[in-house]
Amino acid sequence: MKYWREPLDLDRIKVTRGRVTVVLDRCKGCEFCISYCSRGVLAMSKKFNRKGYHYPEAAEPAKCVNCHFCEVICPEFAIFSEDISDTAG
Ligand code: SF4
Ligand code: SF4
């Protein structure tokens, strides 16, 4: 990311890393999580769940920053993220 000026506390900011999980059979394929993830982590799978919907999967898992926005916006409580900052390299 390019800053118009470098933040004074940049060296103290640690970006968190997340791992996103989809509860496949709850998903109704609305794509809200994909549209609103500003990091472009998610993409629609070609596979179907038991309800007959395509569901999201982590196409770019390393980009997830554990912001939980996909989790908050999902109307079916079908996706969540966890902090893996300590384990990610
Ligand atoms: S937690 Fe944030 S960055 Fe990670 S997949 Fe969800 S919306 Fe995207
Ligand atoms: S927002 Fe929820 S229901 Fe909609 S596609 Fe994403 S996981 Fe599925």
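User: In this predicted model, which residues is isoleucine 79 in contact with, leaving aside its neighbours within four places in sequence?
Analyst: Contact here requires C-beta atoms within 7 Å. Isoleucine 79 is also one of the residues with the most contacts inside the largest nonpolar core. Leaving aside neighbours within four places in sequence, its partners are Val20, Val22, Cys33, Pro56, Cys70, Glu71 and Cys74.

User: How many residues has the largest nonpolar core?
Analyst: In soluble globular proteins, nonpolar side chains tend to be buried together. In this protein, Cys33, Cys70 and Ile79 have the most contacts inside the largest such core. The number of residues in that core is 13.

User: Which residue in S4 does valine 22 stand opposite?
Analyst: S1 pairs with strand S4, residues 79-83, in the antiparallel sense over 5 bridges. Across this pairing, the residue in S4 opposite valine 22 is isoleucine 79.

User: Which side chains along S1 point to one face and are buried?
Analyst: The side chains alternate along S1.

User: Is aspartate 83 buried or partly exposed?
Analyst: Aspartate 83 lies in strand S4. A residue counts as buried with 20 or more other C-beta atoms within 10 Å, and as exposed with 12 or fewer. Aspartate 83 has 14 within 10 Å, so it is partly exposed.

User: What separates the C-alpha atoms of aspartate 83 and cysteine 64?
Analyst: Not counting residues up to four places away in sequence, aspartate 83 touches Thr16, Gly18 and Asn66. Cysteine 64 is 19 residues from aspartate 83 along the chain. Their C-alpha atoms are separated by 9.6 Å.

User: Which strand and which helix each supply at least two residues of the shell around ligand 1?
Analyst: The ligand is surrounded by 14 residues, and the closest are Cys37, Cys64, Cys67, Cys70 and Ser81. The shell divides into 9 nonpolar, 4 polar and 1 charged. The elements that each supply at least two of its residues are strand S1 (18-22) and helix H2 (69-73).

User: What pattern does the protein follow along the sequence?
Analyst: The secondary structure comes to 2 helices and 4 strands. Read along the sequence, they give the pattern β-α-β-β-α-β.

User: What share of the 89 residues in the protein is buried?
Analyst: The C-alpha trace spans about 50 × 30 × 20 Å along its principal axes. Being buried takes 20 or more other C-beta atoms within 10 Å. Of the 89 residues, the buried share is 19%.

Conventions. Residues are numbered from 1 along each chain as its sequence is written. Chains are lettered from A and ligands numbered from 1 in the order in which they are written. This is a predicted model: local features need pLDDT of at least 70, side-chain atom pairs count only at pLDDT 80 or more; totals for chains, interfaces and linings use all residues. A residue is near a molecule or strand if its C-beta atom, placed from the backbone, lies within 6 Å of it. Ala, Val, Leu, Ile, Met, Phe, Trp, Tyr, Cys and Pro count as nonpolar, Asp, Glu, Lys and Arg as charged, and the others, Gly among them, as polar. A nonpolar core is a set of buried Ala, Val, Leu, Ile, Met, Phe, Trp, Tyr and Cys residues joined through C-beta atoms within 7 Å. Two residues are in contact if their C-beta atoms, placed from the backbone, lie within 7 Å. Two strands pair if DSSP finds at least two bridges between them.
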